[in-house]
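Subject: Structure handover

Hello,

I am passing this structure on to you. Please look through it before reading the notes below it.

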Amino acid sequence: MDQTPAKSNSKPSQKKSPMSEPATPRRSLRLRSPHPKYTQSSQSPTKPKRPLPVSTRSPSFSPITPNPPESKRRKRSNSSDPKPSASTSRTLKRRVYYKKVVFDGGEFEVGDDVYVKRREGAESDAEDPEVEECRICFRTGGTVMIECDDCLGGFHLKCLKPPLRKVPEGDWVCAFCEAEKMGKVVERPKPPEGKRLRRTAKEKLLSSDLWAARIESLFREPDGSYWLRCKWYIIPEETAVGRQPHNLRRELYLTNDFSDIEMESVLRHCYVLRPKDFKEASNDGDDVFYCEYEYDIHWHNFKRLTDNDDGPENNEAGNDETYKFANDLSSDADQDSEYEEETTMDYSSFKNQSHELAANSRKGRIFGLQKVGITKIPEHVRCHKQTDLEKAKATLLLATLPKSLPCRNKEMEEITSFVKGAISNDQCLGRCLYIHGVPGTGKTMSVLAVMRKLRSEVGTGALKPFRFVEINGLKLASPENIYKIIYEELSGNRVGWKKALHYLNERFSDGPEVREEENQPIILLIDELDLLLTRNQSVLYNILNWPTKPNSKLVVIGIANTMDLPEKLLPRISSRMGIQRLCFGPYNYPQLQEIISSRLRGIDAFEEQAIEFASRKVAAMSGDARRALEICRRAAELADYRLKQPLESTRMSSSVNSNSKGKYLVSMADIEAAIHEVFQAPHIQIMKNCSKLGKIILVAMVHELHRGGLAEMTFEKLATTILSLCTSNREVPPGYDTLLKVGCKLGESRIILCEEGTKHRLQKLQLNYPSEDVAFALKDCSDLPWLSKYL
Amino acid sequence: MPTLRSASNPSSSPSYPKQRGGVSTPNKKRSRSKSTESTPIDARSPAKWSSPRRSNGGVGEICNGIVYSNLSKSPRKRLYDDHVEKPKWNPRDPAQMLAVKEALHVATAPANVVCREEEQKRVLEFCKACIEQEKAGSLYVCGCPGTGKTLSIDKVKDSLVLWSGEEGLQSPDVLAINCTSLTNTSEIFSKIVAKFHSRKKINGRLSVLQHLQHLFSQRHSSSRRMILIIVDEIDYLVTKDRAVLHDLFMLTTFPFSRCILIGIANAIDLADRFLPKLESLNCKPIVVTFRAYSKDQILKIIQERLMVLGYNVFQPLALEFCARKVAAASGDMRRALGVCRSAIEVLEAELRNASQEQEVDIVTFDHMDIALSKAFKSAVVDIILALPQHQQIILCATVKLFRHCKRKATTIGELNRSYSEICKSTQIPAAGTLEFSSMCSVLSDQGLLKLGQSKEEKLRRVTLQIDTSDIIFAFKGNRFFQSCLEQ
């Protein structure tokens, strides 16, 4: 990867031979091209083309059933004819599967990656420039072009200022991107008037005007049209998480979304490569993409593609399965629907909903492709302008990643120097760091922020690449599973933990194999380290022992709440843990205030005192930043809710009226209410909301407690107190069984503690909460005003 | 222990009578360190038999005082004269810095293990005897963590193979296992069998252990290759019925057994505790004890490691300070190396911040002091002062409760009552019960309180993990808490 993609001058001819191996990526694209246009399939998309099944070289067409019927055999012999006549193919009643198809001058094989046209706009089909224009002079051809690593734009060497003589070694970023990175506003050169900027297929793909897919199987329908079943690739923007900072410009994700599309909509080949191939293929022209992860469109998660899963050479295991899968499907389809197209459609739509709408569905007419993962933002949301309060609510969400992490600079610096000290040199010295601190003090956040920063440093070449493995102890089913996860992260293979332990032991004690990419330093972050404690602590022993091995290149960062975890461990483990500790103390109130206001920077929604009040309150209790953010968010919600009430009702509240400008700030009162909600225990709410009789029972208990001084009382005694209370306040006295029922309910919600057993009459009762709480909750009760007398 | 003493006494006691004398009582320690001061130690002298493991931290302080008072004394300076001629170390040079860090890293095994010659010799002699007589034997190596057990045995293994090559004897097979990497305790037998018979098929009817026992109880005409089995962290093999450990040691008692078993662990009495049966069979393993390193040994080992560099990295005083502190606390070599490394990092950070004109090219006493205080400080007072106010009140309430009732434990319910009393008297709104118990658990996470288990949240037992005097000391300057405590 240390060479800029250079465009050599030789252009291998596109149409040299349809039989040329498509497995090797073409290096055609950004060269001075003798052919002004690449006109493979763009002449007329509507006109059906005659496909040429090539079979001489691959005689087996993936037989489906062990006992092929007569018709099938005939069909196979037919298809082995290089140019089957249209009439014979029409007569066939079943699907025929091919391994390789020559279609419109291009040769397509199972496992290839292709561009797929999107048929909505005619524009996208009108042209397919094979050669990119220079971003400065807007002409194609000429001399060698260089590609910017950031914006992927092409530049003539001579057009650059100052002009370059040759393609430089290492990464190269164009002047525009560099200036933009510095924060300057740059005007990129505009194309001359009247000349539309031609976009290459790559650009269209990356702006999702064109799609890429991987061919899983090729077949011909009974009506003679050629189809392929493909797996879609998607660009990072189309995933649920959007484009992430670590995504490469040319990165794609393989999805698990199958669809059948007609051969016609295939444009041409592209090359989606695995990381290691991508590294080698840095000079391979424009249609090269990078794919490291598979994306599950239903669950929106990513899975690393393993080496043996793919690649045309060693795809025995992985491909076999999918191939069989396809076969099963087709054999089913064969039996069910010899002639009925409808049934097939039903079946397939049942199998995958997006299929129906996917590219070129059966009739060849529905082109409204439903691409995976795209959810259109509803119109009303888009045109709605967010108010400051809503913005504040959004930024105060715990899930929102803050732009900066204030108040933890010292700790982050320490982590940075620790990690850098461990990995910056060729010889990675294994070490351990133990980070401890109470919850909500930014431990994990700081480490992750440091890692992001280091990763960007890797991107600029200041740091050697490293692997970062993050594990949360809470997410492990059992402590031993950590071996499994580490091994999967390192190698991509999933094995049992025993095996994984064996492999990891081998790897860390003997040093990794000679393969270069395996030899990167590994940073292992274990959150909630204390959950890895087993009875004999062997998991922790192993993990902390590996860094002390000579060739391990392992750096372990453990995070936990308990300060004295190393002291609780066996001495042999704490000896291996080393002495590197880092303490995250609870935040004090200026720090909390700074954290909140840094999140709210630019949003005018909170009164200054309100923030201070919230942070003081939290700092006095726990110093937990999460708590403080939650309180502020809740306060903003309360304020927002009040603001959005119909205007008539808000007239009544004076606080809004005082806001003459219509601006509404979150005030102290809102914070107070939010704090009340957050800090107040739920039992007060329950007491406030329980039934009339329940309240009477509680008051009677408090009354009895004050009178007698005993915490416990029998149910019988309580009943007589209640009856006397009711009669003296002109309340209808409840029946004995009703009383019992309500008492049971209070007991179930643990407001009252009931003695075990079924001695109803003499059962002993006791208030679970202090009598002050009951008094507080029932003091101003509107439906039973006489209660306060007894409190 | 007794075995070791009897073995090592004849060799060591005549030469260092003074050293062997006073190690057990504190005042004698003082005298010992005085003797150090009067007769400077040559850093290159062979290992001294000094103290066994010392546990209390008080020794370190005593030593400290001596170091401070000695700062200006001349004999010590003369002692390190030979170091001065070396070229200067340039900490700004990343290559040199890396070399130093590498030399001090735990993973780099030094070329020769100093200060453990005696133990190595014993183990080696034992193995040699076993191989020469072609008889089985077992050995148990114990010692505190970080005392070079695994490293020494590794060296012994290498030299044993070398020796057998020189003597023309058949060199033994070596199998080194770390028991933590076993997924199942009895897996160890299959590993041994695999080492024996890589080619021969194992009889399906017998279990692996039975196969081994069968193998060792018959005379085999085939090769009499010995097998050296090194079992690290052997106490992980202790199961409920101790069968695995027992069977493992029993392998050496079979008439035609060919294995030399070396077990390594921390516990000094593992054999006595878990293998009482072996004693009756008269095949108790010989015990070799690795004692915690003394100050001089630590010093010597670090110097040995730094020897390869060819320049001075540490001030001699700084190194000695580090050695003293570590020896006083645990005698753990890993810790000493870690402290040295963090002292280098302190220097690095200083260089990054400091301006160019101020040249620091050696790790001084001050750097080492910072690093040591990072490693050994007990920050209880700082932690208490950094706590949120309500948690401080809880600690205050605990102290008050214990002071009044002269008890050592209370429950959460009681503590809550005491806490709300304080809150009421100082007119601070008290936290609710749920909030209170979550604060208590945070405190217990930080190691200040200890919470017991109970079905009822209210009835959970609370004890203080730290001294009450620490809390009182921490609140000394704060009038608010003073008044709380006085009530």
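This is a predicted model: local features need pLDDT of at least 70, side-chain atom pairs count only at pLDDT 80 or more; totals for chains, interfaces and linings use all residues.

Interface of chain B and chain A

In chain B, 44 residues are in contact with 50 residues of chain A. The two chains bury about 3900 Å² between them, and 54% of that area is on carbon and sulfur atoms. The rule finds 5 salt bridges across this interface. One of the salt bridges joins Glu233(B) to Arg576(A), with the closest N and O atoms 3.6 Å apart.

On the chain B side, at least two residues each come from α7 (94-104), α17, α19 (380-386), α20 (389-405) and α22 (433-445). The most is given by α17(B), with 7 residues. Sorted by class, the side of chain B that touches chain A has 16 nonpolar, 15 polar and 13 charged residues.

Helix α17 of chain B

This helix covers residues 333-353 of chain B, 21 residues in total. The N-terminal end of α17(B) is capped by Asp332(B), which has a side-chain oxygen 2.9 Å from the backbone nitrogen of Arg334(B).

A sheet in chain A

Chain A has an open sheet of 3 strands in the order β19-β21-β20, with antiparallel pairing. Its edge strands, β19 (713-714) and β20 (752-754) of chain A, each pair on one side only. The antiparallel pairing of β19(A) with β21(A), residues 764-767, runs over 2 bridges. Within β21(A), Lys764(A) is the bridge partner of Thr714(A).

Regards

Methods: Residues are numbered from 1 along each chain as its sequence is written. Chains are lettered from A and ligands numbered from 1 in the order in which they are written. Side-chain values use heavy atoms; hydrogens and water are left out. Helices (H or I, at least four residues) and strands (E, at least two) are DSSP runs, numbered from the N terminus. The expected span of a helix is 1.5 Å times one less than its number of residues. A polar contact is a pair of N or O atoms within 3.5 Å; within protein, one must be able to donate a hydrogen and the other to accept it, and residues adjacent in sequence count only if both atoms are side-chain atoms. Contact means heavy atoms within 4.5 Å. Buried area is the accessible area (1.4 Å probe) that two parts lose on being put together, summed over both. A salt bridge is a side-chain nitrogen of Lys or Arg within 4 Å of a carboxyl oxygen of Asp or Glu. Ala, Val, Leu, Ile, Met, Phe, Trp, Tyr, Cys and Pro count as nonpolar, Asp, Glu, Lys and Arg as charged, and the others, Gly among them, as polar. Two strands pair if DSSP finds at least two bridges between them.
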